[in-house]
Amino acid sequence: MTTGASIFTQEQRDLITAAFNRLIPAQDQFPGAGDLGGAQFVEQVATGNIVLRRSFGEGLAQLEIASSRRGSDGFTALSPQAQDETLREIEAEQPAFFREFVRQCYNFYYTNPLVFDLIGYSMPEPQDYQPLPFDESLLEPVRQRGQMWRAV
């Protein structure tokens with residue numbers, strides 16, 4: 001899943017891995033989200049989106065600053081409980097970053113083929129997909145409203 005482009009430092013990748021493992025920790029046969037390669041996924045997504053790239057750069061920096069206030073050598077050096085407290089702090093102080101961070105974690109984890117196998121999910125075969133018939137009566141309010149555009 002590597003793109004060849006590196007936008008994060010190894011320390012940032014380690015931070016993403018540790019944080020993803022706190023968001024979705026390993027349990028029984030299920031691996032933690034970070035252990036599956038979540039940092040590489042985020043890096044690939046952020047490489048193609050300058051807004052996301054900046055948001056993650058700033059958010060990860062704030063996560064490290066919040067970690068240092070706990071007297072540590074960074075997020076990865078904190079105890080699991082202190083990591084959770086730091087993530088809660090970031091959720092309160094940087095809600096937009098935190099929402100996107102969690103969204104990317106879930107997107108990665110719950111679309112991972114290994115997780116699909118572990119939960120017993122399999123993609124339907126294309127020939128098994130049968131679209132539902134379209135109910136044209138749903139268009140009636142639009143028809144009644146009339147034309148809302150003008151020819152140029």
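Select E43 to start: at 6% relative accessibility, E43 counts as buried (buried means under 20% relative accessible area, exposed over 50%, and partly exposed in between, with a 1.4 Å probe and protein chains only). You are looking at a predicted model, in which local features need pLDDT of at least 70 and side-chain atom pairs count only at pLDDT 80 or more, while totals for chains, interfaces and linings use all residues. Residues are numbered from 1 along each chain as its sequence is written, and side-chain values use heavy atoms, with hydrogens and water left out.

**Stop 1: the partner of E43**

E43 and R13 form a salt bridge, and their closest N and O atoms are 3.0 Å apart (a salt bridge is a side-chain nitrogen of Lys or Arg within 4 Å of a carboxyl oxygen of Asp or Glu). The pair ties together parts that are 30 residues apart in sequence, because E43 lies in helix α2 and R13 in helix α1. Helices are DSSP runs of H or I with at least four residues, strands are runs of E with at least two, and both are numbered from the N terminus. R13 is buried too, with a relative accessible area of 14%.

**Stop 2: helix α1**

Select residues 10-23. This is helix α1, whose 14 residues reach 20 Å from the first C-alpha to the last, close to the 20 Å expected at 1.5 Å a residue (the expected span is 1.5 Å times one less than the number of residues). Which residues of α1 are buried? They are R13, L15, I16, A18, A19, F20 and N21. Show the neighbours as well: the buried residues of α1 pack against α2 (38-47), α3 (50-68), α4 (80-93) and α5 (95-109).

**Stop 3: more salt bridges**

Side chains of opposite charge can pair when their charged atoms come close. In the chain, the count comes to ten salt bridges. Pick R103 and E100, whose side chains meet in one of them at 3.0 Å, N to O. Both sit in helix α5, and being three residues apart there, they are separated by about one helical turn. R103 is partly exposed, with a relative accessible area of 43%, whereas E100 counts as buried at 17%.

Next, select R69, R70, E85, E89 and E93: salt bridges that share partners join these residues into one network. Within that group, zoom in on E93 and R69, whose side chains meet at 3.5 Å, N to O. E93 lies in helix α4 and R69 in the loop between α3 and α4, so the pair ties together parts that are 24 residues apart in sequence. E93 counts as partly exposed, at 42% relative accessibility.

**Stop 4**

Where does Y121 lie? Look in the loop between α6 (113-119) and α7 (140-145). Y121 is partly exposed, with a relative accessible area of 39%.

**Stop 5: the whole chain**

Finally, zoom out. The secondary structure comes to seven helices and zero strands. The radius of gyration is 21 Å, well over the 15 Å that the globule rule gives for 152 residues, so the chain is more spread out than a compact globule (the radius is taken over C-alpha atoms, and the rule is 2.2 Å times the number of residues to the power 0.38). Along its principal axes the C-alpha trace spans about 65 × 45 × 30 Å. Of the 152 residues, 33% count as buried.

Methods. Contact = heavy atoms within 4.5 Å.
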